Amino acid sequence: MLAALFDNPAAMIMLVGALVGIASTLVGTFLVLRGNSMLSDAIGHAIVFGIVIVWLVTHQQSGPLQILGAALTGLLTVVLTELLVSTRRVKQDAAIGLVFPVLFSIGVLLLNLYARDVHIDTHTVLLGEIGFVWLDTVTLGEYRVPQALLSMGAMTLLNAAFVGCFFKELKLATFDEGLARALGLAPGLLFHGLLLLTSGTAVAAFDAVGAVLFVAFVIVPPATAYLLTDRLWLMFVYGILVSILSSISGYVLAVAWDVSIGGMMAVMTGAFLLVAFLAGPRYGVVAQWFRRRGQRRLNEIRTLAVHLYNHEGSPEQHEENVTRALREHLLWDDAKARRVVARSREQALIERNGEALHLTPGGRELAREILEPGRRATDGQG
C-alpha cells in the first residue's frame with residue numbers, strides 16, 4: 001500500500017505541496033501577526049546567496065549544509081535589516097527593500113560566474129518544479145521515497161516541535177514583547193529562532209516548489225486564517241486547512257487546465273484569501289455590510305423612540321407623534337418612515353392608533369436609556 005502511494009505522482013505532488021504549506025504556516029503565522037511577513041520574501045530571495053556560497057565551499061547542491069547555509073543567510077538578512085533600522089534613517093520596509101536585492105543580486109552574479117554548468121540557477125530557486133518531485137527519490141528499506149517528501153516532512157516536524165515547545169513564549173513575545181522581555185523570555189532570541197526555521201523551510205522548499213510558492217504559503221494562509229478568527233490556535237488550524245486545500249485544488253485545476261502546478265497552488269491560496277475577505281464571519285465584507293445595516297436600522301429605531309419620547313405628553317404630541325411628521329423632523333421619506341415604524345412595532349416598541357404613534361413601556365425604557373445613560377447604573381446601585 002505504501003509502495004503504491006509513493007509511486008503515485010499525483011499523491012506525491014499534492015502531499016509535498018501540503019507539507020510545504022503546513023511548514024510555512026507554522027512559522028508564517030507569527031510573522032504575519034508581528035507585521036514582519038515580508039521578511040519571508042526577503043529570505044526567499046536572499047537564500048540564493050547562501051546556497052551559492054555553500055556550493056562554492058563544499059560543492060554540495062543539497063543536504064543539511066545547504067539548509068544551514070540558507071538559514072544563516074536568512075539571519076544575515078534580518079541582522080542587516082535591523083542594523084539599517086537602528087540608524088533611524090530608514091524604516092523597516094525600506095531596509096528590507098535594500099538588503100535582500102543586494103544579497104540576491106550577489107548570489108545571481110556568483111551563479112553566472114562560477115556555477116554556469118551546475119544544476120543551480122535562479123529559475124530553480126525561485127520557481128522550482130513541483131511536478132517532478134516524484135522523480136527524485138531515495139531508497140528507504142523497500143520503498144523509494146521522494147527526497148522532497150523527506151526534507152519537507154522533516155522541516156514540518158521541526159517547525160511543529162518548535163512552535164509546540166515554545167507556544168506560550170512565542171505568543172507572549174508576539175503580542176507583548178515588552179512584557180516578555182520583563183519576564184526574561186528573550187523575545188529577540190525566539191524571533192531569530194523563528195527566522196532560522198523560516199530560512200530552513202525556504203531552502204528545503206526551493207528545489208520542490210520554489211521560493212515564490214514558499215512565500216505565498218508563508219503569508220497567504222495565515223492571513224486568511226486571521227480574517228476568520230482571533231484565536232491563535234484556530235489560526236494554525238485554518239491556515240493548515242487552507243494550505244492542504246490549496247495544494248489539492250491547485251493540482252487538480254492545473255492538470256485540468258494544463259498550467260503550472262505551483263503557480264495554480266499559489267493562485268488557490270489567493271482564492272481562499274478572497275473568500276475569507278468577502279465572506280469571513282467577522283471581518284468579511286459581507287458580514288461587515290450586514291453589521292452596518294443592522295446598526296443603521298437600530299439607530300433608526302432609537303431615533304424614532306427618542307423623537308416620540310421627547311413629545312410625549314406635550315401639547316404638540318398629536319402633531320409631532322404621527323407618521324407624516326417624521327418626514328419633516330427626521331428628514332425621512334414616506335417609505336423609510338413606514339419601514340422604521342413597522343420594525344419598531346415588530347419589536348413591540350411602539351403602538352399605532354390610526355396615524356398616532358405611542359411608545360410601549362419597552363420603547364419608553366429604550367428612549368430613557370438613550371437620553372439618561374447613567375440612570376440604569378444608578379438604579380442598579382440603589
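**Helix crossing, H2 and H10**

I looked up how H2 passes H10, and the crossing is left-handed. By the rule I used, left-handed means that the near helix is turned anticlockwise from the far one by less than a right angle, and right-handed means clockwise. The model is a predicted one, where local features need pLDDT of at least 70, side-chain atom pairs count only at pLDDT 80 or more, and totals for chains, interfaces and linings use all residues. Residues are numbered from 1 along each chain as its sequence is written, and side-chain values use heavy atoms, with hydrogens and water left out.

H2 covers residues 9-34 and H10 covers residues 187-206. Their axes come within 10 Å and cross at roughly 145°. I took axes as lines fitted to C-alpha atoms, for helices over the stretch in contact, with angles from 0 to 180 degrees between N-to-C directions. Helices are DSSP runs (H or I, at least four residues), numbered from the N terminus.

Next I listed the contact, meaning heavy atoms within 4.5 Å. From H2 I noted Val-20, Ala-23, Ser-24, Val-27, Phe-30, Leu-31 and Arg-34. They meet Phe-191, Leu-194, Leu-195, Leu-197, Thr-198, Thr-201 and Ala-205 of H10. I sorted these residues into 10 nonpolar, 3 polar and 1 charged. For this, Ala, Val, Leu, Ile, Met, Phe, Trp, Tyr, Cys and Pro count as nonpolar, Asp, Glu, Lys and Arg as charged, and the others, Gly among them, as polar.

I also checked Arg-34 against Phe-191. Arg-34 lies over the ring face, at 3.9 Å from the ring centre. The cut-off is NZ of Lys or CZ of Arg within 6 Å of the ring centre and within 35 degrees of the ring normal.

**Two asparagines**

I found Asn-36 in the loop between H2 and helix H3 (38-58). Asn-36 is buried, at 8% relative accessible area. Buried means under 20%, exposed over 50%, and partly exposed in between (1.4 Å probe, protein chains only). Leaving out residues up to four places away in sequence, Asn-36 touches Leu-31, Gln-92 and Phe-191. Gln-92 is 56 residues from Asn-36 in sequence, yet 9.1 Å away in space, C-alpha to C-alpha.

Asn-159 sits in helix H7 (residues 147-165). I read a relative accessible area of 0% for Asn-159, so this residue is buried. Its contacts beyond four places in sequence are Ala-23, Leu-26, Val-27, Leu-197 and Thr-201.

**Aromatic rings**

I counted 5 aromatic pairs. Rings of Phe, Tyr and Trp (its six-membered ring) pair if their centres lie within 6.5 Å; planes under 30 degrees apart are stacked, over 60 edge-to-face, the rest tilted. Phe-162 and Phe-166 make a tilted pair, 5.3 Å centre to centre with 50° between the planes. Phe-162 is buried at 15%, while Phe-166 is partly exposed at 35%. Trp-289 and Phe-290 pair edge-to-face, at 4.9 Å and 80°. I noted Trp-289 as partly exposed at 42% and Phe-290 as partly exposed at 43%. Phe-30, Phe-167 and Phe-236 form one aromatic cluster.

**Leu-278**

Last, I looked up Leu-278, in helix H13 (residues 261-279). Leu-278 is partly exposed, at 38%. Beyond four places in sequence, Leu-278 touches Gly-284, Val-285, Val-286 and Ala-287. I also checked Ile-248, which is 30 residues from Leu-278 in sequence and 22 Å away, C-alpha to C-alpha.
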